[in-house]
Amino acid sequence: MPKKIYLSSGIPLIIEKMNNFKSFVLGIWIKHGSRHEPQEKNGLSHFIEHLFFQGTKKRDAKTISLEIDSLGGDLNAFTTREFTSIYIKGLKDQLSKSSDLLCDLYSNPLFPEQEIEKERSVILDEIRMVNDSPEEFAHDIFMENAFQNSLGLPILGKENSVTNITREDIIKCFKNYYGVANTLICCAGNFDENELIAFLEKNIKKRNSKTILLNAPAKFSPGIKVYEKELHEVHLCLGFETVPFRHEDRLPLTLLNCIVGGSVSSRLFQEIREKRGLAYNIYSFVSFYSDTGVFGIYTASDPKKINKVIKIIMDILKNLPDSLKQEEIDRAKIQIISQIIYSSETPSSVMQTLAYNEIYLGEVYKVKEQIEQINKIKFEDIRIMTDYLKKDNFNLTVLGPIKKEKISI
């Protein structure tokens with residue numbers, strides 16, 4: 001049963017005991033991501049994430065690496081458009097040592113100059129690696145085209161912005177935003193609750209911070225943009241604006257995604273991959289943020305076939321309202337409920353779910369409640385969701401060996 005309490009610092013702690021496991025996952029989440037950055041400092045949040053591992057007052061980078069391996073644990077982090085997370089996975093009897101390490105990284109980073117320059121080089125290589133991966137790059141430039149303000153900024157940043165980030169920028173951002181007002185802590189698995197609370201009270205530094213404000217509200221920009229590049233295939237992302245995470249349409253849209261392209265039985269996969277063999281990889285996806293959401297479709301195909309693929313996609317979307325079947329909805333419900341149950345069976349997934357629900361909903365959200373909400377969704381609820389996928393309100397981003405005038409919609 002999930003439980004939410006507050007530390008004396010005011011930081012919320014959300015926990016879920018899973019005593020049938022021998023491990024736990026503890027995560028510190030900061031509500032600061034790429035969309036909160038000035039455009040000229042794009043990549044700052046991701047830069048800070050890297051630097052968490054590069055030295056504190058008690059540990060240098062090598063000591064951190066040796067210590068986590070000596071504990072037999074897993075220490076990692078990631079950055080998104082709206083938050084950053086640093087977490088540790090460990091065995092039950094290593095709670096105090098694992099927590100000490102994680103708390104130290106969050107509370108006492110030094111951001112040493114020599115490590116900043118080393119990580120800058122690593123991040124620039126990471127950016128170039130993404131740019132050399134057509135699928136990842138297509139998703140990045142789609143978001144940049146669809147949301148031409150802060151939400152569309154790439155999480156890793158761009159080469160010129162990362163090059164110009166200074167140690168002063170890093171320290172200022174950390175002091176301003178990586179504190180009590182924007183932090184939450186989540187833990188799931190097998191651990192002693194009292195021991196964890198006592199340890200966090202002692203080792204999480206109370207650091208006051210400014211409340212995060214969005215640089216700009218998300219504004220969706222329909223349109224078509226083509227990036228010519230020498231590749232063997234044409235890659236595309238087609239997207240429609242939907243709703244924020246906490247909107248009542250989130251779950252119906254998630255079911256619709258399963259039907260359209262979120263599974264191997266979906267319409268896109270069956271028609272384009274299985275029946276016609278026009279693409280190896282095709283899928284739809286949904287992403288929900290604090291103030292907006294996206295329903296997207298990605299695929300890649302031979303330049304000579306891409307217009308045929310686009311036409312089939314558009315035809316499938318156009319025919320959705322009149323061709324939905326109850327059996328598709330039933331199948332989608334089973335898929336989503338199964339995913340929820342699977343994710344409730346591992347401490348890592350539970351810890352992440354606790355954090356997402358706190359960040360976007362501000363409440364503890366039980367598995368049983370989620371399943372009940374999905375089962376209440378009716379046929380007409382799904383059919384209404386197809387209104388979001390109107391042909392005249394899309395953003396199409398194309399990457400590959402093709403000119404814009406050759407794209408047929």
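**Labels and what backs them**

Reply: Starting inside, the largest cavity is lined by C258, I259, S263, S265, S266, R267, E328, R331, A332 and Q335. This is a predicted model, where local features need pLDDT of at least 70 and side-chain atom pairs count only at pLDDT 80 or more, while totals for chains, interfaces and linings use all residues. Residues are numbered from 1 along each chain as its sequence is written, and side-chain values use heavy atoms, with hydrogens and water left out.

Me: What makes a space a cavity, and what makes it a pocket?

Reply: The search uses a 1 Å grid over the protein atoms alone: in a cavity a 1.4 Å probe fits but cannot get out, while a pocket is an open set of points with protein on both sides within 12 Å along at least five of seven lines. A residue counts as lining if it has an atom within 4 Å of a point. Grid points are joined across faces, edges and corners, and the volume is the space filled by probe spheres set on them. Over the whole structure, two cavities of 30 Å³ or more turn up, and the largest holds about 60 Å³.

Me: Which element gives the largest share of the lining of the largest cavity?

Reply: That's α12, with four residues. The elements giving two or more are α9 and α12. Helices here are DSSP runs of H or I with at least four residues, strands are E runs of at least two, and both are numbered from the N terminus.

Me: What lines the largest pocket?

Reply: There are 41 lining residues, with F245, R250, F288, T353 and Y356 nearest the centre, around a volume of about 1200 Å³. By class, that is 20 nonpolar, 15 polar and six charged. Helix α13 gives the most, with eight residues.

Me: Why is N357 called buried?

Reply: Buried means under 20% relative accessible area, exposed means over 50%, and partly exposed is in between (1.4 Å probe, protein chains only). N357 comes in at 6%, so it counts as buried. This residue sits in helix α13 and, leaving aside neighbours within four places in sequence, is in contact with G362, E363 and Y365. Contact here means heavy atoms within 4.5 Å.

Me: What makes the phi of F111 stand out?

Reply: Most residues other than glycine have a negative phi. F111 is not a glycine, yet its phi is positive, near 50°. It lies in the loop between α3 (95-107) and α4 (113-131). F111 has a relative accessible area of 3%, so it is buried too.

Me: Why are α1 and α7 called roughly perpendicular?

Reply: Angles run from 0 to 180 degrees between N-to-C directions, using axes fitted to C-alpha atoms, for helices over the stretch in contact. Under 35 degrees counts as roughly parallel, over 145 as roughly antiparallel, 65 to 115 as roughly perpendicular and the rest as oblique. α1 (residues 44-51) and α7 (residues 167-177) pack at about 90°, with axes 10 Å apart. That angle falls in the 65 to 115 range, so the pair is roughly perpendicular.

Me: Which residues meet where α1 packs on α7?

Reply: L44, F47, I48 and L51 from α1 meet D169, I170, C173 and F174 from α7. Seven of these contact residues are nonpolar, none is polar and one is charged. C173 also turns up at the second largest pocket, where H36, P38, C173, N176 and Y177 are the lining residues nearest the centre. That pocket has about 310 Å³ of space, and α7 gives the most to its lining, with five residues.

Methods. Ala, Val, Leu, Ile, Met, Phe, Trp, Tyr, Cys and Pro count as nonpolar, Asp, Glu, Lys and Arg as charged, and the others, Gly among them, as polar.
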